[in-house]
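Jotting things down as I go.

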Amino acid sequence: MRLPSLIVNLKNYKQGSGDRVKLFLDYALDLWDLGVGVYVAVPPLDLARYAGDAEYRDIMFSQVFDVVGYGSYTGHIPLERLKDMGIKYSLLNHSEYKMDHGKIRELVDAANEAGVETVVCVDSVEELNKLLSLGVRPKVYAIEPPELIGTGRSVSKYRPETVVEAVKIGSEHGVPVLCGAGVSSRDDVDAAMRLGVVGVLVASAIVKAEDPYVVMKAMAEVLAKHK
Ligand code: G3P
């Protein structure tokens, strides 16, 4: 994963589903020239459709996976299947898709072995500590206080102490941290980077924007400035 990173999480917003996914992927690709990582976490039902294109595949995140292998797992997303599709990255344990901690350990270990990089979301410093004490070592942790998600009030301005603490704990364990929740503007990203994160995870401010490219570009430029 190229750091610093902007991960655009399309969730299952209608504005970021189906044909619209291509738009975000094209914007992200365009911004790679800035020298930062710009990724798109694609809705589960759209992953396979876009994974056939090598350029897109390289910048796509799955939003989750929940079992390791193929088999009798009705409705699940297997890591092995993602890998076979050429997907290289996945979020896990997003606030909107919480997981049992033992399961996260199993999934992250399997992903590390398979060469799939994970960004594990935590809703608090306490959850970060718990996962670290269980030995969960993803590529990156993402701190996202759930009460700020989708509010337009950025974690970097409304909970800076939480971000700073998470960054400190992550660095003690050799795992970089990014942040998300309410990140909406160039200034929010700048404030986040000053707190020591390696990037931001953003959804509504981009997906619901009248011109998502303008917002993505502004945020990616700030990341580039902090490289
Ligand atoms: O995964 C990113 C997310 O949960 C933050 O959402 O809408 O506050 O950017 P939003």
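This is a predicted model: local features need pLDDT of at least 70, side-chain atom pairs count only at pLDDT 80 or more; totals for chains, interfaces and linings use all residues.

**H9 against H11**

I started with H9 and H11, which cross in a right-handed way (right-handed if the near helix is turned clockwise from the far one by less than a right angle, left-handed if anticlockwise). Helices here are DSSP runs of H or I with at least four residues, strands are E runs of at least two, and both are numbered from the N terminus. Residues are numbered from 1 along each chain as its sequence is written, and side-chain values use heavy atoms, with hydrogens and water left out.

I looked up the geometry next: the axes of H9 (residues 186-194) and H11 come within 8 Å and cross at roughly 30°. Axes are lines fitted to C-alpha atoms, for helices over the stretch in contact, and angles run from 0 to 180 degrees between N-to-C directions. H9 is therefore roughly parallel to H11 (under 35 degrees; over 145 is roughly antiparallel, 65 to 115 roughly perpendicular, the rest oblique).

Who touches whom? From H9 I have Arg186, Val189, Asp190, Met193 and Arg194, and from H11 Ala218, Met219, Glu221, Val222, Leu223 and Lys225 (contact means heavy atoms within 4.5 Å). I get six nonpolar, no polar and five charged residues in the contact of H9 with H11. For the classes, Ala, Val, Leu, Ile, Met, Phe, Trp, Tyr, Cys and Pro are nonpolar, Asp, Glu, Lys and Arg are charged, and the others, Gly among them, are polar.

**H1 against H11**

H11 (residues 212-225) also packs with H1 (residues 20-31), at an angle of about 30° and with the axes 10 Å apart. H1 and H11 are therefore roughly parallel, and their crossing is right-handed. On the H1 side I listed Arg20, Phe24, Tyr27, Ala28, Asp30 and Leu31, which meet Pro212, Tyr213, Met216, Lys217 and Ala220 of H11. The contact of H1 with H11 divides into eight nonpolar, no polar and three charged residues.

**H6 against H8**

At what angle do the axes of H6 and H8 cross? I read roughly 10°, with the axes of H6 (residues 125-133) and H8 (residues 160-172) coming within 10 Å. That makes H6 roughly parallel to H8, and the crossing is right-handed. Val125, Leu128, Asn129 and Leu132 of H6 make the contact with Thr162, Glu165, Ala166 and Ile169 of H8. I counted those as five nonpolar, two polar and one charged.

**Ligand site**

Residues around the ligand include Asn9, Lys11, His94, Glu144, Gly182, Ala203 and Ser204 (a heavy atom within 4 Å). I then checked polar contacts, pairs of N or O atoms within 3.5 Å; within protein, one must be able to donate a hydrogen and the other to accept it, and residues adjacent in sequence count only if both atoms are side-chain atoms. A polar side-chain atom of His94 sits 2.8 Å from a ligand oxygen. Gly182 uses a backbone N or O atom, 2.8 Å from an oxygen of the ligand. For Ala203 I also found a backbone N or O atom, 2.8 Å from a ligand oxygen.

Leu3 and Pro4 are joined by a cis peptide bond, with omega about -5°. Pro4 is in the segment before strand S1 (5-9). Asn93 is not a glycine, yet I read a positive phi of about 60°. I located Asn93 in the loop between strand S4 (89-92) and helix H5 (101-114).
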